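Please look over the sequence and the model below before reading on. The paragraphs that follow go from the chain as a whole to single residues.

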Amino acid sequence: MNKFFYIVVFITLLTSCSEYQKALKAEDIATKFKMGQELYNNGDYSKANRLFAQIVPNYRGKPQAEKLMYLYSNSYYQMKDYYVAGYQFERFASSYPESEKLEEASFFSAKSYYMLSPVYSKDQTETKEAIEKLQEFINLFPESQYLEEANKLVQELDFKLEKKAFEIAKQFNQISDYPASVRSFNNFIFEFPGSRLREEALFYRLDSAYKLAMNSVEFKNTVQEGLVPLKRNRLEEAQDFSEAFKASYGNSEYIEEVSEMQADIAEELKNYSAKS
């Protein structure tokens with residue numbers, strides 16, 4: 001019984017392969033289209049794609065062109081060739097603005113860009129492009145069945161940008177480049193005010209400002225202002241950061257460290273009060 005079953009499967013595969021090869025070599029575009037649809041419906045997107053690619057130019061302007069172009073575009077998506085899928089879905093949307101598949105094609109075009117977004121540690125140019133594409137879709141189809149998913153994808157991509165900016169700022173802290181760390185965390189807090197990483201960002205900004213202040217020279221000689229009380233200014237900035245942290249996150253896991261830094265800063269600032 002099992003042996004007979006495998007023989008039937010083997011013969012079926014041979015027959016289907018033979019029919020596919022014949023379709024590839026056939027001159028009749030209708031034969032290619034029919035075989036391509038059968039393969040597509042059976043989930044063999046790669047073979048279907050090869051057949052569709054052969055006949056796309058021949059169907060331009062014909063009634064079947066819309067269906068063919070959608071299947072052709074989606075076959076790339078199913079093959080995980082997201083670069084080409086995004087491009088082909090965009091072509092479909094611009095070529096068939098009245099199509100009942102317009103919303104779906106527009107969404108999967110945008111999602112193709114999302115699929116190309118790399119991990120946060122790499123260059124995020126494609127992530128930014130994906131956010132733009134998804135936002136365009138959301139604006140065009142505010143009532144779409146894909147709206148919830150599109151918003152989730154945007155949130156995920158936004159967080160990737162947040163994570164990238166946060167890790168760069170944190171890296172400056174870890175290599176003891178405290179001025180760059182403070183600047184980077186200031187930028188992060190301004191650009192991502194609602195970030196879930198805000199608590200950590202405020203803490204590491206304070207940590208960087210604290211270490212910078214405690215290790216500063218007393219004065220800096222500038223052309224415009226002459227001698228500037230560098231250490232005192234930095235201590236006062238660190239003090240402001242500690243107060244900002246406590247105001248926002250009074251029950252934070254970092255609160256003990258923040259209080260210790262705040263006490264050290266206050267102690268240092270007493271020296272300047274005594275001199276005034």
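A residue is called buried when its relative accessible area is under 20%, exposed when it is over 50%, and partly exposed in between, with a 1.4 Å probe and protein chains only. At 53% relative accessibility, Gln155 therefore counts as exposed. Gln155 is placed in helix H8; here helices (H or I, at least four residues) and strands (E, at least two) are DSSP runs, numbered from the N terminus. The C-alpha atoms of Gln155 and Ile131 are separated by 8.9 Å, and the two residues are 24 apart along the chain.

The model is predicted: local features need pLDDT of at least 70 and side-chain atom pairs count only at pLDDT 80 or more, while totals for chains, interfaces and linings use all residues. Residues are numbered from 1 along each chain as its sequence is written, and side-chain values use heavy atoms, with hydrogens and water left out.

The chain has twelve helices and two strands. Read from the N terminus, the order of elements is α-α-α-α-α-α-α-α-α-α-β-β-α-α. Of its 276 residues, 40% count as buried. The chain exposes about 16400 Å², of which carbon and sulfur atoms supply 51%; accessible areas come from the Shrake-Rupley method with a 1.4 Å probe, and for residues only the protein chains shown count as cover. Contact means heavy atoms within 4.5 Å. Among contacts between residues at least 6 apart in sequence, 53% join residues at least 24 apart.

Thr31 lies in helix H2 (residues 29-41) and is partly exposed, because its relative accessible area is 35%. Thr31 and Leu51 are 20 residues apart in sequence, with 9.6 Å from C-alpha to C-alpha. Ser109 belongs to helix H6 (residues 102-115) and is buried, because its relative accessible area is 6%. Which residues is Ser109 in contact with, leaving aside its neighbours within four places in sequence? They are Gly86, Phe89 and Glu90.

Backbone angles pick out two loop residues. Most residues other than glycine have a negative phi, and most peptide bonds are trans. Lys80, although not a glycine, has a positive phi of about 65°. Lys80 is found in the loop between helix H4 (65-78) and helix H5 (82-95), and it counts as exposed because its relative accessibility is 59%. Ser176 also is not a glycine and has a positive phi of about 70°. The loop that holds Ser176 runs between H8 and helix H9 (178-191). With a relative accessible area of 45%, Ser176 is partly exposed.

Next come the charged side chains. Side chains of opposite charge can pair when their charged atoms come close. A salt bridge is a side-chain nitrogen of Lys or Arg within 4 Å of a carboxyl oxygen of Asp or Glu, and the structure holds nine salt bridges.

One of them joins Lys152 and Glu148, at 3.5 Å from N to O. Both residues lie in helix H8 (residues 147-174), four residues apart, which is about one turn of the helix. Glu148 is exposed, with a relative accessible area of 57%.

Another salt bridge is formed by Lys211 and Asp207, at 3.0 Å from N to O. Why are Lys211 and Asp207 separated by about one helical turn? They are separated in this way because they are four residues apart in helix H10 (residues 198-214). Lys211 is partly exposed at a relative accessible area of 28%, whereas Asp207 counts as buried at 10% relative accessibility.

Glu267 counts as partly exposed, at 46% relative accessibility.

Asp264 is partly exposed because its relative accessibility is 33%. Together with Glu253, Glu256, Glu257 and Glu260, Asp264 forms a negative surface patch. Patches are made of residues with over 30% relative accessible area and no salt bridge: like charges are joined within 9 Å, and nonpolar side chains (Val, Leu, Ile, Met, Phe, Trp, Tyr) within 5 Å. Lys and Arg count as positive and Asp and Glu as negative, while His and the chain ends are not counted. The place of a charge is taken as NZ of Lys, CZ of Arg, CG of Asp or CD of Glu.
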